[in-house]
There are 2 protein chains.
Amino acid sequence: MRRRLQAACWFISVTIAVCASVHTQTADPLPSWNDGSVKQAIVVFVNTVTTANSKQFVSPAERIAVFDNDGTLWTEQPMYNQLAFALDRVKALAPAHPKWKTEMPFSAVLQDDQEAFDKSGEEGLGRVMFATHTGMTTDVFTNVVVEWITGARHPRFNRAYTDLVYQPMLELLAYLRANGFKTYIVSGGTAEFVRAWSERAYGIPPEQVIGTTFVTKFTWRDGQPVLMREADVDFVDDGAGKPEAIQKFIGRRPIFAVGNSDGDREMLEWTAGRAGAKFVALVHHTDAEREWAYDRSSHVGRLDKALDEAAAGNWAVIDIKRDWRRVFAFEAAN
Amino acid sequence: MRRRLQAACWFISVTIAVCASVHTQTADPLPSWNDGSVKQAIVVFVNTVTTANSKQFVSPAERIAVFDNDGTLWTEQPMYNQLAFALDRVKALAPAHPKWKTEMPFSAVLQDDQEAFDKSGEEGLGRVMFATHTGMTTDVFTNVVVEWITGARHPRFNRAYTDLVYQPMLELLAYLRANGFKTYIVSGGTAEFVRAWSERAYGIPPEQVIGTTFVTKFTWRDGQPVLMREADVDFVDDGAGKPEAIQKFIGRRPIFAVGNSDGDREMLEWTAGRAGAKFVALVHHTDAEREWAYDRSSHVGRLDKALDEAAAGNWAVIDIKRDWRRVFAFEAAN
């Protein structure tokens, strides 16, 4: 009986390849993308690196795809969503910190005085980040993020923040994974903020999320080992830090990279400089009606030097207005 | 035609589960382990966490297994293999550094004066490590390691170092992966040294190797982006650093952990402290005939406090003499 089953299994394993190929032919994998040069370039690239007899074939193990998060996979306006989380947390924690009523930058946050908060600059931002993101165990922090992201609503769309992931990018992530790619987030946001919801929102597990980190220390509390988040920055995953972190965490050079701001420039350069096949793209926010339109002079997600470099280096530019049939899943498809 | 193929594919996908279960029943997955309490505990644990209706079922995504490298997956005597690499590199690089003939600790290395080199202490070791592991691009370093590990021979066994991986641990890694575990190395050795050969030797890809790191900087050379390895330690992956790095790189708490020295203690504690099922083990080197016998007073891989803690905390102790039918693949099986 076992022998007969094994023979059947051999037959089946041969047939699986046929099934996979039938399956991939059944539907457009990128239905929220308008037909055009960008969509075509993506499909051609994926076909090229996955076709076994192609000169540019890339083994599945080397199919590393990296994505910035804010402004690339989900919206980053009118402020980074993680900053919205931090400001909400200041308000939630305020009863336990009566001094915050009169202490900058907390007083500005509690009074919704955006201008005063902005004036507090990097130092004020740092104080708010440390007060809301550190001084607790990793488990407690994750629970706080999960609770927030389940309940909070985006001010413009009155939707959960995880509804504001870009539908075309979800399709792109799924398409790449179906073709043997391993998809990573490489975010300037902090790793454990993103990890708390990345698997549910993007299908990207925590071990494939790279981000900015706080110093985290192993210690004991009440007879149990814990990891405590400390009020000290460990690593800033932005600019040159992105390719450095890719090397440190992945140890392979990506063949596919998408960003949307000057902070992603070095990650895109590192990918573009790879010998052999690669696909490098920028998301350009051009659609104020469905999302936002901003680039060179934006305070959030400034896209200036990288946009010039895209033109010079032949990187793809994903123009939201032109290339995306719909931006969010909750929109009616055209 | 497509419809008929799709129906066949549905049938096949249902049948694959049956095939997988037939396959896993065909043979002992751990043939190089002697029957005994440790082998039994491993098999019972794996069955428990993978049985869908078990109270201690763990979803595949959470099946994280972490392994120390030196002394846990391959031999670490008479010196760490990476140190053997560093000393060989000093000799290979010496013609370009004439001053090394009279400059400690390099002169000691060039004269094979182990005693004088040991006397140079941490500082001497650091100078040798920086001179041989940094000051080059990541690509160049990887090539140097690959070349060395292909040609170098271990002094006692006159075998390639990658022949000195433990056969029972290879079987354990494969057994865990066949049961949906993701296997990681968490090594005090440097990440990029291990990554250069870990996939070939253990089936563990670079992105699942965590280790000590040097500062690595993104920069441009001859019009190309490169990552330069600098003479500065970024992070030491030892002791409390191990659970801290596991959190940083993986973001999940392991359910399976194996080490062999006091440097692995906090990693094992972190795993042992998890709520729900976990398996925690120490490799105890007890077989001077086939490998080495050492523990509490060893200079390399000292196992003292962790051995006491294993007894107190009910961690498994893998006694090489007792538990391993063979140590290396090149031995004749009993």
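Leaving out neighbours within four places in sequence, B:Val317 touches B:Leu282, B:His284 and B:Ala310, where contact means that the C-beta atoms of two residues, placed from the backbone, lie within 7 Å. B:Val317 sits in strand β8 (residues 316–319) of chain B; strands (E, at least two residues) and helices (H or I, at least four) are DSSP runs, numbered from the N terminus. B:Val317 counts as partly exposed because it has 18 C-beta neighbours inside 10 Å. On this scale, 20 or more other C-beta atoms within 10 Å of a residue's own make it buried, 12 or fewer make it exposed, and anything in between is partly exposed, again with C-beta atoms placed from the backbone.

All this comes from a predicted model, in which local features need pLDDT of at least 70 and side-chain atom pairs count only at pLDDT 80 or more, while totals for chains, interfaces and linings use all residues. Residues are numbered from 1 along each chain as its sequence is written, and chains are lettered from A and ligands numbered from 1 in the order in which they are written.

Over in chain A, helix α12 (residues 305–313) has A:Ala306, A:Leu307 and A:Ala310 as its buried residues. They end up on the same side of α12(A) because they cover an arc of only 105° around the axis, the arc being that of the directions from the helix axis to the C-beta atoms. These buried residues pack against α11 (265–272), β6 (279–286) and β8 (316–319) of chain A. On the face turned away from them, α12(A) carries the exposed residues A:Lys305, A:Asp308, A:Ala311 and A:Ala312. After α12(A) comes A:Asn314, with a positive phi near 65°.

Now for the domains. Chain A is assigned domain 1 (27–78 + 162–323) and domain 2 (81–151), with bounds taken from an automatic or database domain assignment. The C-alpha centres of domain 1 and domain 2 of chain A lie 27 Å apart. Their contact takes 17 residues from domain 1 of chain A and 15 residues from domain 2 of chain A. On the domain 1 side, β2 (182–190), α9 (191–202), β3 (209–221) and β4 (224–235) of chain A each supply at least two residues, and β4(A) gives the most, with six. The residues on that side divide into nine nonpolar, four polar and four charged; here Ala, Val, Leu, Ile, Met, Phe, Trp, Tyr, Cys and Pro count as nonpolar, Asp, Glu, Lys and Arg as charged, and the others, Gly among them, as polar.
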